[in-house]
Amino acid sequence: MELVPPPRAEPVAPPEPVNAEQPAKLSPQEAKQARLAANRLVNEELRARRRAGAERLQPLVDAYVAEHPLFHQTVWVEGVECLKPLAIGVHKAILTWLREQPEALDCSNTLLLDLIKAALEPHVIKPEYLAGLLKFQDRFDLDGNPNGVVKDKHRARAQKMLHKQHALPAGEADATTRQAIAELEAGQGKRFASVDALMADLPAAD
């Protein structure tokens with residue numbers, strides 16, 4: 001009688017090795033902390049890029065403002081030294097110019113508008129500018145051409161600001177204005193919510 005050998009058992013594959021480097025699953029609290037940490041890194045990078053862009057562009061904005069007579073050339077009207085009122089929306093012309101500069105290629109409109117606002121804020125709180133709002137009927141574009149009119153509500157605000165300055169002892173009004181300008185340049189003090197609000201001539205000062 002022929003003996004039949006028993007069937008061969010199929011080889012059993014060895015178990016998959018456990019990857020010792022595989023990270024353990026994070027708890028919900030740990031996952032939240034990890035997301036917060038990642039967001040902080042992103043925000044820090046964005047802030048660093050913004051600072052770099054501001055440092056790169058600030059000299060350009062300052063030079064642009066300095067070279068336009070409208071920002072520093074005063075006119076005597078009825079014995080009062082005045083700066084001509086800026087046209088509403090003049091910041092758009094500055095933004096268009098700034099957008100054309102190679103240094104601004106990777107900068108957001110928000111950053112550019114903030115730089116423009118910071119450059120214009122000290123200008124529109126000067127006594128000479130406030131006096132110009134009272135003495136001139138017209139506003140002026142950057143080329144010195146009439147563009148729009150000074151509204152009564154802006155004239156009233158200018159009068160209110162000047163009245164406050166004149167109520168101070170002699171010399172103190174100028175010191176107060178210089179301090180306000182210094183605070184604005186340092187990023188302190190009351191600021192305008194937007195460039196449009198700025199160009200509405202101190203609505204936040206009421």
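**A ring and its surroundings**

Mentor: Lys84 lies over the face of Phe140, at 4.7 Å from the ring centre. A charge sits over a ring if NZ of Lys or CZ of Arg is within 6 Å of the ring centre and within 35 degrees of the ring normal. This is a predicted model: local features need pLDDT of at least 70, side-chain atom pairs count only at pLDDT 80 or more, and totals for chains, interfaces and linings use all residues. Residues are numbered from 1 along each chain as its sequence is written, and side-chain values use heavy atoms, with hydrogens and water left out.

Trainee: How many aromatic pairs are there in the whole structure?

Mentor: A search finds two. Rings of Phe, Tyr and Trp (its six-membered ring) pair if their centres lie within 6.5 Å; planes under 30 degrees apart count as stacked, over 60 as edge-to-face and the rest as tilted.

Trainee: Phe140, buried or exposed?

Mentor: Phe140 counts as buried because its relative accessibility is 8%. Phe136 is also buried, at 13%. Buried means under 20% relative accessible area, exposed over 50%, partly exposed in between (1.4 Å probe, protein chains only).

Trainee: Where is Asp143?

Mentor: Asp143 is in the loop between strand S3 (138–140) and strand S4 (146–149). Helices (H or I, at least four residues) and strands (E, at least two) are DSSP runs, numbered from the N terminus. Asp143 counts as exposed, at 66% relative accessibility. Its C-alpha is 8.0 Å from that of His68, 75 residues away in sequence.

Trainee: New topic. What is the largest nonpolar core like?

Mentor: That core has 35 residues. Leu57, Phe71, Leu86, Ile94 and Leu112 have the most contacts inside it. Helix H3 gives the most, with seven residues. A nonpolar core is a set of buried Ala, Val, Leu, Ile, Met, Phe, Trp, Tyr and Cys residues joined through side-chain atoms within 4.5 Å.

Trainee: And what is Leu112 in contact with?

Mentor: Leaving aside neighbours within four places in sequence, Leu112 is in contact with Leu57, Leu95, Leu98, Arg99, Ala104 and Cys107. Contact means heavy atoms within 4.5 Å.

Trainee: Last one. How many helices and strands does the chain have?

Mentor: Seven helices and four strands. Along the sequence they run α-β-β-α-α-α-β-β-α-α-α. Of the chain's 206 residues, 32% count as buried.
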